[in-house]
Every structure is written in C-alpha cells, then in structure tokens.
Amino acid sequence: MTIPFEQAQRDLAKLLDQVAAGEEMVITRNGLPVARMIAEKNGTHLKKPDRVPGSAKGMIISIAPDFDAPLDDMREYME
C-alpha cells in the first residue's frame, strides 16, 4: 500500500494498526517513496531482558589500589 505523507501524518494511529496486522506501507512525498513501514516480529525489540540479581558476580577480578584516587589532570579543579 502506498500512502502520501500528509495522509500518513493525519492517520498515523490507524496506519500503525494496519502495519501491526501485517500490512506493509510505503510513505511518499511529492510522489516519491521516502519510507517503508513494516511490522516488527513479535515486538521483541521493545522488551528489555530480565535482570537477574548477582549475574555479574565474579566478573571484576582485579581493581588497582588507586582506582579512586584523584586524577592528576583534575587537581587544578579540586583546589
């Protein structure tokens, strides 16, 4: 389906419902195609992975003894 930009702007919510139902759309401006709307598969790009407490345990194996010491480049700002 090809939709002019002005119609896409006006009817975006309705068009998104159609795309979610599996229809592909091409949006045109001045008769030339500028964008294609297609549905994402299962919306997986929107889901954040589950956080698991303790999943990073053991990843930090060594910390320098002076890791929290002020940097020499920043001394003038700390005086």
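T28 sits in strand β2, where strands are DSSP runs of E with at least two residues, helices are runs of H or I with at least four, and both are numbered from the N terminus. T28 is buried, at 11% relative accessible area; buried means under 20%, exposed over 50%, and partly exposed in between, using a 1.4 Å probe and protein chains only. Keep in mind that this is a predicted model, so local features need pLDDT of at least 70 and side-chain atom pairs count only at pLDDT 80 or more, while totals for chains, interfaces and linings use all residues. Numbering runs from 1 along each chain as its sequence is written, and side-chain values use heavy atoms, with hydrogens and water left out.

**Confidence**
- The predictor's confidence in each residue is given as pLDDT, from 0 to 100.
- Averaged over the protein, pLDDT comes to 86, and 92% of the residues reach 70 or more.
- Among the elements, β2 has the highest mean pLDDT (95), while helix α3 (residues 75–78) has the lowest (82).

- Three strands make an open sheet in the order β1-β2-β3, with mixed pairing; two strands pair if DSSP finds at least two bridges between them.
- β1 and β3 are the edge strands, each with a single partner strand, so one side of each has no neighbour in the sheet.
- On average, neighbouring strands here are turned by 35 degrees against each other, direction ignored; the axes are lines fitted to C-alpha atoms (for helices, over the stretch in contact), and angles run from 0 to 180 degrees between N-to-C directions.
- Strand β1 (residues 2–4) pairs with β2 in the parallel sense over three bridges, and I3 has I27 as its bridge partner in β2.
- On the β3 side, pairing with β2 is antiparallel over five bridges, and I27 stands opposite A35 in β3.
- Beyond its neighbours within four places in sequence, T28 is in contact (heavy atoms within 4.5 Å) with T2, I3, P4, F5, P33 and V34.

- N30 is in the loop between β2 and β3 (32–37).
- The hairpin of β2 and β3 has two residues between the strands, and N30 takes a positive phi near 55 degrees there.
- As background, most residues other than glycine have a negative phi.
- N30 has its positive phi although it is not a glycine.
- With a relative accessible area of 76%, N30 counts as exposed.

- Leaving aside neighbours within four places in sequence, V19 touches M25, M37, I38 and A39 as contacts.
- V19 and P70 are 51 residues apart along the chain, and their C-alpha atoms are separated by 54 Å.
- G22 lies in the loop between α2 and β2 (25–29), and its relative accessibility of 55% makes it exposed.
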